[in-house]
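I opened the model to look up a few things and kept notes as I went. The entries follow in the order I made them.

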Amino acid sequence: MAKNIVWRLLRRNISGGQIAGYALANLVGLAIVLTAIQFYRDVTTVWDDEDSFISKDYMVISKKVNGLGSFLGGDGSTTFSEEEIADIASRPWAKKVGRFSSAAFNVYAKVNIGGSSMGSDLFLEAIPDDFFDVSPKGWGYEPGRSDFVPVIISKDYLSLYNFGFATSRGMPQVSEEVIGMVPLQLSLSGNGRQQWVNARIVGFSSRLNTIAVPEEFMEWANNEFSGSATGAPSRLIVMLDKPGDPQVEAYLDEMGYEAAGDRAANGKAAYFLSLVTSIVVGVGLVISLLAFFILLLSIYLLLQKNSDKIRQLMQLGYSPAQVSRYYHRIIIMVNVAVILLAIGVMTGVSAYWSQPLSTLGVEPTSPWFTMAVGLGIMAVITLGNLIAVSRAVRKRFYS
């Protein structure tokens, strides 16, 4: 009964309009934050797909070839020195730098498909395993022990064969699974030696436009057939910290480097998306912060109006904690309603973009992480409100 009397006494000056204004502002801010986070998480699932237009965490760079290059005996060096590699690795946008090791010997490949035999000179390269977008079974090479040399080629090469070479020559088209079973022989020659080795295509890369072999094989073959270790690389692969970072393009222009394909340009889509999301989330947080101060202002005004009543309650033996409890109840009830509504808004809005993304082959992510973020934000806001109210009531008690 006494609690009801105290509650009736304190709530007389509570402004429903001020509480509603706080709730609305906080709802708008929190809904913006949660919706932006969920949209960003849904869209960035595309980055895990190497065939995606927005998957640009890696970039292959080389030096530009100007004019006739080394055609007429000029310098025209397109290899990277140790100092240049170290300079790239020291950049804040470069997580890791890998080197392309090129074959310094002659390579001739022969394959039999459908009773027809064809062969061609090839180039081989090797990069550290960390930079591959595929992890095929049987990758690796031990000289004298391995039965075959595993090879990874670009998916574009298979498409060129199927839809260009095979159709024009009347040869059979092959799938990725079938071509992995086709026997391949490599002729390695140089340094006065020649040797045939068996090889097999074990994977297809969307990231690398090359014919890749294990580094162990490349090191052994260069020593055997060129008489020297692998020389300075002419191409580097860089793991980027932030895809599409403008600093990357500025650095490439300054140093006269170029990125393979359209990865640098397409990476801007990922950077732009992260930038826009950050701005939207920032706006939402600012709105929520303003709502936080709106509630504090409302509570302070309410406490100012109830100063005499609070002193009377103190004289009747009530403690600051007992009086604060009634204001805490208002804050908690309002904030619980706000977070539930904000989650509802986020869930409803995300349903509108899930269908268009599904047509692009993008599966939406679980909203639980976003909900947890919203609960965390609201917990911080609520805790800040409760602490501020408790201090204000205590101040009124003893002023």
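Which helices and strands each supply at least two residues of the lining of the largest pocket? I looked these up in the model, which is predicted. They are β4 (106-113), β5 (116-122), β7 (149-154), α4 (155-169) and β8 (184-190). The largest share, five residues, comes from α4.

Entry on the pocket itself. I noted a volume of about 650 Å³ for the largest pocket. Its lining has 21 residues, and Val111, Met118, Leu122, Tyr161 and Ile201 are the closest to the centre. I sorted the lining by residue class and got 19 nonpolar, two polar and no charged residues.

Entry on serine 187. I found this residue in strand β8. Is serine 187 buried or exposed? Its relative accessible area is 8%, so serine 187 counts as buried, the cut-off being under 20%. I then checked the side chain of serine 187, which makes a polar contact with the side chain of glutamine 194 at 2.6 Å. Leaving aside neighbours within four places in sequence, I listed Asn106, Val107, Tyr108, Gln194, Gln195 and Trp196 as the residues in contact with serine 187.

Entry on the whole chain. I read off eleven helices and twelve strands. The chain has 399 residues, of which 42% count as buried. For contacts with a separation of 6 or more, I noted that 81% are between residues 24 or more positions apart. The accessible surface comes to about 21,100 Å², and 58% of it belongs to carbon and sulfur atoms.

Notes: Residues are numbered from 1 along each chain as its sequence is written. This is a predicted model: local features need pLDDT of at least 70, side-chain atom pairs count only at pLDDT 80 or more; totals for chains, interfaces and linings use all residues. Side-chain values use heavy atoms; hydrogens and water are left out. On a 1 Å grid over the protein atoms alone, a cavity is a set of points where a 1.4 Å probe fits but cannot get out, and a pocket is an open set with protein on both sides within 12 Å along at least five of seven lines; lining residues have an atom within 4 Å of a point. Grid points are joined across faces, edges and corners, and a volume is the space filled by probe spheres set on the points. Helices (H or I, at least four residues) and strands (E, at least two) are DSSP runs, numbered from the N terminus. Ala, Val, Leu, Ile, Met, Phe, Trp, Tyr, Cys and Pro count as nonpolar, Asp, Glu, Lys and Arg as charged, and the others, Gly among them, as polar. Buried means under 20% relative accessible area, exposed over 50%, partly exposed in between (1.4 Å probe, protein chains only). A polar contact is a pair of N or O atoms within 3.5 Å; within protein, one must be able to donate a hydrogen and the other to accept it, and residues adjacent in sequence count only if both atoms are side-chain atoms. Contact means heavy atoms within 4.5 Å. Accessible areas come from the Shrake-Rupley method with a 1.4 Å probe; for residues, only the protein chains shown count as cover.
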